Amino acid sequence: MNETSIEELPGIGPATAEKLKDAGFNSVEAIAVASPAELAGTAEIGESTATKIIAAARKSADVGGFETGDAILERRKDVGRLKLGCEEVDLMMGGGFETQAITEVYGEFGCGKTQIAHQLAVNVQLPVDMGGLNGSAVMIDTENTFRPDRIEQMVNGLSDRHGMDYDPEEFLRHIHVARAYNSNHQILLTDTASELANSLIDTDKPVRLLIVDSLTAHFRAEYVGRGTLADRQQKLNKHLHAIMRFADLNNAMVLVTNQVMSKPDAFFGDPTKPIGGHILGHTSTFRIYLRKSKGDKRVAKLVDSPNLPDGEALFTVTPGGLVDD
Ligand code: GTP
Ligand code: MG
């Protein structure tokens with residue numbers, strides 16, 4: 001983990017540091033992946049100075065280099081699997097949702113995206129042999145839909161199913177929730193989440209799950225009209241890269257949710273296509289299309305994955321949480 005502050009980089013005085021921070025470049029990593037022109041414009045410095053600062057940041061943050069295949073294989077050995085606790089879904093995901101990856105769940109309102117988020121925030125805390133990752137959860141809540149009482153119900157449901165006596169308060173203590181008020185705030189909260197993860201890294205519950213629910217709602221509301229689509233995609237793309245980095249650095253599972261329209265939407269074209277379009281499609285590693293079935297039954301369909309066959313899985317939303325159909 002990188003503890004260097006941006007003031008320690010050569011060429012950054014207090015005034016420059018201030019300007020960079022105001023523009024959101026508040027970590028060495030953020031500077032390391034910036035372009036010289038971007039940095040020069042933001043901090044009112046020359047491009048050659050900016051280039052030097054970026055080079056120093058890259059060295060310090062250890063980003064941006066090539067990795068050999070065996071090093072990647074070594075890192076992949078640490079990939080954990082977080083189980084939803086619904087057998088068909090977990091099987092479809094190859095034994096659970098992978099860490100070091102982004103999983104996007106998209107579907108209509110009320111299809112259960114937020115329910116999955118709640119269930120994973122509970123399950124991640126379980127020991128590995130119970131399908132968890134023995135970790136904490138961080139949730140960026142953009143729609144104010146986090147419900148602590150729903151967590152309680154789910155923990156009690158797990159106690160029943162596992163024949164255990166889990167303490168809901170203990171689970172709530174390891175779920176860190178922040179409300180994001182707009183897309184900029186949402187982006188900033190990703191940095192805050194990294195800081196939080198750093199501070200918990202040597203505890204008995206390091207952060208192993210990051211949830212962004214909803215990834216796209218603010219962007220959708222703020223960028224209206226065709227002319228702004230490119231801007232929106234670019235910003236969303238950057239945001240997703242920061243999120244991917246979080247997944248890698250913390251060996252965390254990342255769940256992002258994305259709503260699709262049930263009715264055609266003049267601004268966003270094809271109603272069956274998730275908001276965010278292609279860029280989101282390329283960045284998220286696993287994509288699940290979720291839809292309602294009869295009553296509380298839900299169908300999860302894996303539509304995109306680097307290493308798993310496409311498939312469908314059924315589960316049910318019950319008062320005690322998500323369970324097998
Ligand atoms: P949007 O955020 O609006 O796009 O929807 P979403 O996909 O996040 O839906 P959400 O996860 O909020 O699912 C809502 C649905 O879950 C409800 O319509 C109920 O069917 C079900 N649900 C939510 N809470 C409970 C509960 O406590 N018990 C049961 N049995 N079902 C619940
Ligand atoms: Mg929701």
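Axes are lines fitted to C-alpha atoms, for helices over the stretch in contact, and angles run from 0 to 180 degrees between N-to-C directions. The model discussed here is predicted.

**Helix packing**

Helix 3 (residues 36–43) and helix 4 (residues 47–61) have axes that come within 8 Å and cross at roughly 115°. Because angles of 65 to 115 degrees count as roughly perpendicular, helix 3 and helix 4 are therefore described as roughly perpendicular to each other. Helix 3 passes helix 4 in a right-handed crossing. On the side of helix 3, the contact is made by Pro36, Ala37, Leu39 and Ala40, and on the side of helix 4 by Glu47, Ala50, Thr51, Ile53 and Ile54. Sorted by class, this contact of helix 3 with helix 4 has seven nonpolar residues, one polar and one charged.

A further pair is formed by helix 7 (residues 113–123) and helix 8 (residues 148–162), which pack at an angle of about 60° with their axes 10 Å apart. Helix 7 and helix 8 are therefore oblique to each other. The crossing of helix 7 past helix 8 is right-handed. Helix 7 contributes Gln115, His118, Gln119, Val122 and Asn123 to the contact, while helix 8 contributes Arg150, Ile151, Met154, Val155, Leu158 and Arg161. By class, the contact of helix 7 with helix 8 has five nonpolar, four polar and two charged residues.

**Surroundings of ligand 1**

Ligand 1 is surrounded by 17 residues, of which the closest are Gly110, Lys113, Thr114, Gln115 and Gln259.

| Residue | Protein atom | Distance to an oxygen atom of ligand 1 |
|---|---|---|
| Glycine 110 | Backbone N or O atom | 2.7 Å |
| Glycine 112 | Backbone N or O atom | 3.0 Å |
| Arginine 298 | Polar side-chain atom | 3.2 Å |

**Backbone geometry**

Most residues other than glycine have a negative phi, and most peptide bonds are trans. Glutamine 100, although not a glycine, has a positive phi of about 60°. Glutamine 100 lies in the loop between strand 2 (97–98) and strand 3 (101–107). The peptide bond from aspartate 213 to serine 214 is cis, with omega near 0°. Serine 214 is found in the loop that lies between strand 6 (207–213) and helix 11 (217–222).

Key: Residues are numbered from 1 along each chain as its sequence is written. Chains are lettered from A and ligands numbered from 1 in the order in which they are written. This is a predicted model: local features need pLDDT of at least 70, side-chain atom pairs count only at pLDDT 80 or more; totals for chains, interfaces and linings use all residues. Side-chain values use heavy atoms; hydrogens and water are left out. Helices (H or I, at least four residues) and strands (E, at least two) are DSSP runs, numbered from the N terminus. Angles under 35 degrees count as roughly parallel, over 145 as roughly antiparallel, 65 to 115 as roughly perpendicular and the rest as oblique. A crossing is left-handed if the near helix is turned anticlockwise from the far one by less than a right angle, and right-handed if clockwise. Contact means heavy atoms within 4.5 Å. Ala, Val, Leu, Ile, Met, Phe, Trp, Tyr, Cys and Pro count as nonpolar, Asp, Glu, Lys and Arg as charged, and the others, Gly among them, as polar. A residue is near a molecule or strand if one of its heavy atoms lies within 4 Å of it. A polar contact is a pair of N or O atoms within 3.5 Å; within protein, one must be able to donate a hydrogen and the other to accept it, and residues adjacent in sequence count only if both atoms are side-chain atoms.
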